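Subject: Model for your records

Hello,

Here is the model I promised to pass on. My notes follow below it.

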Amino acid sequence: MSPAYPAYPAPPVPVTVRVPAKVNVQLAVGGLRPDGYHDLANVFLAVSLHDDVTATPADTLRITVEGPDAGRVPQDRTNLAARAAELLAARHGIEPHVHLHIAKDIPVAGGMAGGSADAAGAVLACDALWGTGASRDELLEICAEVGSDVPFSLVGGAALGRGRGELLTPVETGGTFHWVFAVADGGLSTPAVYRECDRLREAAGTGSGVADVPAPDPSAELLDALRNGDPRALAAALNSDGGANDLQPAAVSLRPSLEAVLRAGTEAGALAGIVSGSGPTTAFLTEDGAAARKVADGLRASGTCRAARVATGPADGARVITR
Ligand SMILES: C[C@](O)(CO)[C@H](O)COP(=O)(O)OP(=O)(O)OC[C@H]1O[C@@H](n2ccc(N)nc2=O)[C@H](O)[C@@H]1O
Ligand SMILES: Nc1ncnc2c1ncn2[C@@H]1O[C@H](COP(=O)(O)OP(=O)(O)OP(=O)(O)O)[C@@H](O)[C@H]1O
């Protein structure tokens, strides 16, 4: 006899998933591959700036966005959250009929994987809403189809991304790191920053292809600093010769005003300052929470950025917060 009730309760509706932003504490960029991507040694750290993605049953796929920068986020099927929901639905023979509401706090087009966070949030929220029973590996595959940063948004913490950044292995962290993020006016396009990186390499005469650029590798010094939870050692790795972010010269070339932001952050007492991923957000590592608040005040007073936000990392990956 079949039971009167399903074996598992239906998920409470709506389902809200909280997803973190990221900073790349190392971004070693190899040569341009024939498929248009670059091989990476990408050391991701999730940080405590979040978007919330809420999934509610609907008659069609609908996206709404709230937050100060909502006007810069597409509210149609080009939104990465919509693409993620469509991919999950297609795999399970479901119509992607869902309303996805994004409460956006991660800077838009800022190099902090905001769109990727929303995609990972949508995958997890829709999986719970539709009860697809997809495995973690399947969710990660869908994330990787949407974009190179999306799998990390799902797992969070700290991880090394190889390949184009989608092949993750966990990285050990021995403590909490305190950061300040200087948010810039306007964004930078990720493909444009990679193209500028290639152009600078060509102009320097080194070539930009896979045969010209050494294979990217993670820094042992940097991984040790993360493992030991040691901000001063991490700062030394961030400040090392050539820098920790191979996209930084390209981001600064496209947005020369970032030099002044980086200077203002270090003058305000940061241990190190880097461009976050493809920028234009800049990330400042500090000794502790009090130092972070002081650096944020200094950045605000400098007038070099639109906003300064304090955050800590590692932070959890995407997780359901209403169940
Ligand atoms: C800069 C980073 O944020 C660092 O984590 C990522 O590498 C970018 O990841 P993402 O925004 O998820 O990028 P994707 O949506 O996968 O790719 C967008 C475009 O960025 C460029 N791209 C991206 C990743 C990569 N490893 N090499 C690339 O050259 C390609 O032009 C690609 O067409
Ligand atoms: N859910 C979304 N949130 C923000 N932008 C989105 C979203 N979906 C699509 N986009 C588009 O993607 C572009 C890049 O936005 P996003 O905030 O993801 O950049 P980013 O943080 O620099 O990305 P990354 O760090 O992964 O390279 C935006 O200009 C916007 O047009």
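Of the 21 residues around ligand 2, those that come nearest are Ala-113, Gly-114, Gly-115, Asp-118 and Thr-190; a residue counts as near if its C-beta atom, placed from the backbone, lies within 6 Å of the molecule. This is a predicted model, in which local features need pLDDT of at least 70 and side-chain atom pairs count only at pLDDT 80 or more, while totals for chains, interfaces and linings use all residues. Residues are numbered from 1 along each chain as its sequence is written, and chains are lettered from A and ligands numbered from 1 in the order in which they are written.

Helix 1 (80-91) and helix 2 (114-130) each give at least two residues to the shell around ligand 2; helices (H or I, at least four residues) and strands (E, at least two) are DSSP runs, numbered from the N terminus. Helix 2 has the largest share of that shell, with four residues. By class, the shell has nine nonpolar, ten polar and two charged residues (Ala, Val, Leu, Ile, Met, Phe, Trp, Tyr, Cys and Pro count as nonpolar, Asp, Glu, Lys and Arg as charged, and the others, Gly among them, as polar).

Four strands form an open sheet in the order 8-9-7-10, with antiparallel pairing; two strands pair if DSSP finds at least two bridges between them. At the edges are strand 8 (272-275) and strand 10 (307-313), each pairing on one side only. Strand 8 and strand 9 (residues 282-286) are joined in the antiparallel sense by four bridges, and Ile-274 has Ala-283 in strand 9 as its bridge partner.

Two helices go with these strands. Helix 9 (residues 258-267) lies across strand 7 (177-183), strand 8 and strand 9, and runs at about 15 degrees to strand 9; axes are lines fitted to C-alpha atoms, for helices over the stretch in contact, and angles run from 0 to 180 degrees between N-to-C directions. Helix 10 (residues 289-302) packs on the sheet and touches strand 7, strand 9 and strand 10, where contact requires C-beta atoms, placed from the backbone, within 7 Å.

Last, a helix pair. The axes of helix 6 (residues 220-228) and helix 7 (residues 231-238) come within 8 Å and cross at roughly 160 degrees. Helix 6 and helix 7 are therefore roughly antiparallel to each other (over 145 degrees). Among the residues that meet are Leu-222 and Leu-226 in helix 6 and Leu-234 in helix 7.

Regards

Definitions and conventions: Parallel < 35°, antiparallel > 145°, perpendicular 65-115°, else oblique.
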